[in-house]
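Subject: Structure handover

Hello,

Please find the structure below. My notes on it follow.

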Amino acid sequence: MMELLAKKFDMCRSRGDTIVALAILISSFYFLYLTFQLPIPKQGSTLDVGPRAFPMILLMGMIVLSAVIIVQNIKAKRICELTETPHPRNFWIGVAFLFLYAYLLDIVGFVVLTPIATYLFMYAIGVRSKKILIGGTLILWLVLTVTFPMLMEVQLPRGVWIFREISYFFY
Amino acid sequence: MSGVISGILMGFTSILDPLTIGLLIAGVIIGLFAGATPGISGTMIVAILLPLTFKLDSIPAFVMLTAVYAVAVFSGSITAVLFRTPGAPEAAATTFDGYTMAKKGFPHKALGYAMFSSFLGGTLGAIALLLIAPQLARFALKFGPAETFALILMALAMISSLDVKNQTKAILMGIFGLFLAMIGMDYMTGVERYTFGVPILSAGLHFIPVLLGLFAVSEALRMIQEDPEVKQKIEKIKTTLPTWEEFKRLIPTYIRAFPLGLFIGILPGVGATTASLVAYSTEVRSSKTPEKFGTGIPQGIAAPECANNAAAMGALVILLALGIPGSATTAVMLGGLILHGLRPGPLLFTLYPKFAYAIMVAALIANILIIIMSPAFIRFFSNVVFRIPRGMLGTLIILFCVVGSFAMRNNMFDVWAVLLFGLVGYVLERYGYPLAPIVIGLVLGSLAETEFRRTLITQGGFMGFFSSPISTGLILVSIFVFVYPFIKSAIASRRGLKVGSGKE
Amino acid sequence: MSKKVSTKSLILVGAVLALVVLAGFTGCVGEQKPAEQAPEAPQIPKPANHPNYPERPITFIVNYGAGGGTDRFARAMAAPMEKILGQKIVVVNIPGGAGSIGEDYLLKQPADGYYVLAMGSDFPINLVTGRNPNDLDDYYPLARVQYDTGTIMINAKDSRFSNLDEFLEYAKKNKVVIAGTGAGGFDEVMVTKFAKAAGIKYEYVTYDKAGKMHAALVGGHIDAMFEEFGPPMSLIESGDVKPIVVFAEKRVEGFEDVPTALEYGWDITQGRWRGFLLKAGVPEDIAQYLEQVAYAAYQTPEYKEFEKNSYLHLREGWLGHEDFTKLIKKEIQDYAEILKELGYIEEPQETV
């Protein structure tokens, strides 16, 4: 079947493709190991297949299919042309900022952190116009603060210490 | 029948006062805004508005809530089409073809298809609600765990024909989505799976952060790579309804999607999101050209949009006729009804006919108002959004996704999930792994597992799946549907035909 | 230049419009200015050391999703409490992990009396199973407000049995499927107790949504379910579903023909309860004040009507701080035994 598929679609070899499949393969094995550690409850129906059965079947499926993709890639004759544009350096900085935002959200709180993060993020992805930077930051902050915590009463993280006090001013 | 007609007349007269009409229109506007905002779901809006309605009579109050509920299901597709950001979970399947069609330069057509299909599905659904709600609800109760499982299985089996260009990857992604649904507490036994002892993980992966991450954040990450100070190309969107010719071509799609959507909506605990994904899968399977799905074809928008609005009405069917909430929003509405001293159920039509018919008529009008009021909203919305420079728009989408994901469950874990899946989606798509099967797998995964295991327990083992003709039939069809693409290609290659020529 | 300005003003118009549409409602429809209604509300002396409490809105954390029983309880109590407190109460749903995520969330907030957790019978169970990794001492049980009454219900059109005796007779020979919501939670404990006491053959199946379970019973896919009176009331009234045994000290009003478990010699009377928790360490005077406020709200006709509509009035719900603490302590001991018997906590739960 593997060869059939490889022939049928005239696969091309792509390194990124293989890396993704490999990542799936390795993590599937890891999760399969975890699945065997899952407790089987004594009580509960004797007819039930238990908490392990479904994940086990799915993980095995993932292992087989990702292996197929890796084999297809290795066997493929021609190398894929890279059509994607390379990432600008700032893109990864932007991504890092996003994760930093999530990390700091519990500490600094939504109200204070959001405008800072917005400004820095926009700067990082290459916005240089002062108007867009400052105006955009303010508008985004206003729209988000009004929509979520104020109108929808979402209890966004308030942060600690003085940041918590500041947040009480808004919601 | 005359009882129904007089009921409908009573429904119309009881909402014919300035306050009720005003609230109905306000409900439509709120629904449009809420649906188009990622992270604000119909459920949240109804929960927020409920306490405000206690000063009102029950009819105007629930007329407004019904309007919000009906319209929010549609308007999620606006952002789904324009930015691949489903504003409401029900619009998940609309991103598959809606966004691609918009990207090809036809956002006005894509929005037109979405709007018209929603209108059609919702209106027909509301008519079914008015005419045969009790009978429909009773019929749906015959659907047990075995039948539900078989139905879900059939939708999952269609993943194999979803991306013909790369079946292996499509199926792998489908299984990946199913596996994501396994994370968290196992409903059947209470065992925690893959939570690494972290309490917030036991709630499992919520579908919305994953969906927003995979589709919206990844797309925004791509958007910001281009010159961030330039404005988007598309401007001034005038929604174009499908022409008569186009409509005629979609009739078979509607004939499949509408009853399917309505019926899935009636099944308790299944919901409009599932309905739209199942309708999409069914459409792929029924199509003679399944490979065209995902490239921006009208059927790919019409089927899910028709089905989700029909499903929203289906959830009202079982709520009003049996007092059973079929979805999260109707559960909140049921709570509100009880606080208003009303108890929907089989006796609702006898005890409070005025209320029952008023709500059903309001649902009908709200769905009709979709086609009347949303063009203006879309024009306003696109006018605002497309003036925003690209860098800021990308930031806005990402922030809305992050905050909106948090808002679903007030859980920080969802913030991490949306960002993580943003990157995952970005990487997967770059290397040609389709994202749609992940969403289908994740939404249907826990349902498939719990219904499977429930069948085993309630029907006394594996034979339970074949205890009814419906489930037996559906399971056999699923097996066929799954294997068919492989058989087809096997036959093709054995005959030595020009393989792959017509496929790519 | 001018174009840019108009861009921003347009966006602002959009934001403001959204705001007006929604907030307009708060104003014209709601008009729930707590201060207006303050005169009608009972006067309770403010906490001695915190005369200004509450200075800002109070948050009710609900550890289940919107639309469920605990959510309805919190919102029904919030309305009269808002009037008495003269402050807004914001209800926040933090669902997941059988309620343990919301329970854990409370402890991550400051112990200032502005966070109140609305929760139910799964709390002691979560402490026993370790799903909630904290300790009872980390919490301050404020009050129990609702005490619901559980029953076993069957499909009223079932041809095999129509009352408890017939059900028992059938179930001693054939296996029956009894459903409940949640695994290893309150419902399963009750079903197991009932089935063991009655000596019947059964399978327990869980449903994540109560509505789904009701549909399954009416549709004939399960034989019986454990449920309280309120949620399936419309189906009881229409003659689709009927209770066959009630777990209470005496027969309940409106269902005088339904026997209690006690009559059959089975000592099963517990019901699902709902109440409030604070984080331990909240100033004593504020905690006492909140308890008084909650009690006053519990006594309002508004709340009483809600209880009656939801069939929660069958048993007296109120337990103050001390009795409520004792109850939880006792339940923790009981559940530790029962869950060990059921095999849920035989060995320390390892989470993966």
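Start with one definition: contact means heavy atoms within 4.5 Å. The model is predicted, so local features need pLDDT of at least 70, side-chain atom pairs count only at pLDDT 80 or more, and totals for chains, interfaces and linings use all residues. Residues are numbered from 1 along each chain as its sequence is written, chains are lettered from A and ligands numbered from 1 in the order in which they are written, and side-chain values use heavy atoms, with hydrogens and water left out.

**Chain A**

In chain A, 66% of the contacts with a separation of 6 or more link residues 24 or more positions apart. Chain A has 7 helices and 2 strands. Here helices (H or I, at least four residues) and strands (E, at least two) are DSSP runs, numbered from the N terminus. Along the sequence the pattern is α-β-α-α-β-α-α-α-α. Chain A has 171 residues, and 53% of them count as buried. Buried means under 20% relative accessible area, exposed means over 50%, and partly exposed lies in between (1.4 Å probe, protein chains only). The accessible surface of chain A is about 8,700 Å², with 71% of it on carbon and sulfur atoms. Such areas come from the Shrake-Rupley method with a 1.4 Å probe; for residues, only the protein chains shown count as cover.

**Chain B**

Chain B has 19 helices and 2 strands. Of its 504 residues, 72% are buried. Residues 24 or more positions apart make up 80% of the chain B contacts with a separation of 6 or more. Chain B exposes about 15,100 Å², and carbon and sulfur atoms supply 68% of that.

**Where B meets A**

The size of an interface is often given as the accessible area lost when the parts come together. Chain B and chain A bury about 6,500 Å² between them, and 81% of it is on carbon and sulfur atoms. Buried area here is the accessible area (1.4 Å probe) that two parts lose on being put together, summed over both.

Between chain B and chain A, 7 residue pairs are in polar contact, both residues at pLDDT 80 or more. A polar contact is a pair of N or O atoms within 3.5 Å; within protein, one must be able to donate a hydrogen and the other to accept it, and residues adjacent in sequence count only if both atoms are side-chain atoms.

**Salt bridges**

Side chains of opposite charge can pair when their charged atoms come close. A salt bridge is a side-chain nitrogen of Lys or Arg within 4 Å of a carboxyl oxygen of Asp or Glu. The rule finds 2 salt bridges across the interface of chain B and chain A. One joins Lys169(B) to Asp17(A), with the closest N and O atoms 2.6 Å apart. Over all chains, the structure holds 38 salt bridges. Why does the pair of Lys169(B) and Asp17(A) join two chains? Lys169(B) lies in helix α8 of chain B and Asp17(A) in helix α2 (residues 15-37) of chain A, so the pair joins two chains. Lys169(B) and Asp17(A) are buried.

Asp48(A) forms a salt bridge with Arg453(B), with the closest N and O atoms 2.8 Å apart. Asp48(A) lies in the loop between α2 and α3 (50-75) of chain A and Arg453(B) in helix α18 of chain B, so this pair joins two chains. Asp48(A) and Arg453(B) are buried. A network of salt bridges links Asp48(A), Asp186(B), Arg193(B), Glu449(B) and Arg453(B).

**Where C meets B**

Here 64 residues of chain C are in contact with 65 residues of chain B. The buried area is about 5,400 Å², and carbon and sulfur atoms give 65% of it. The rule finds 5 salt bridges across this interface.

Best wishes
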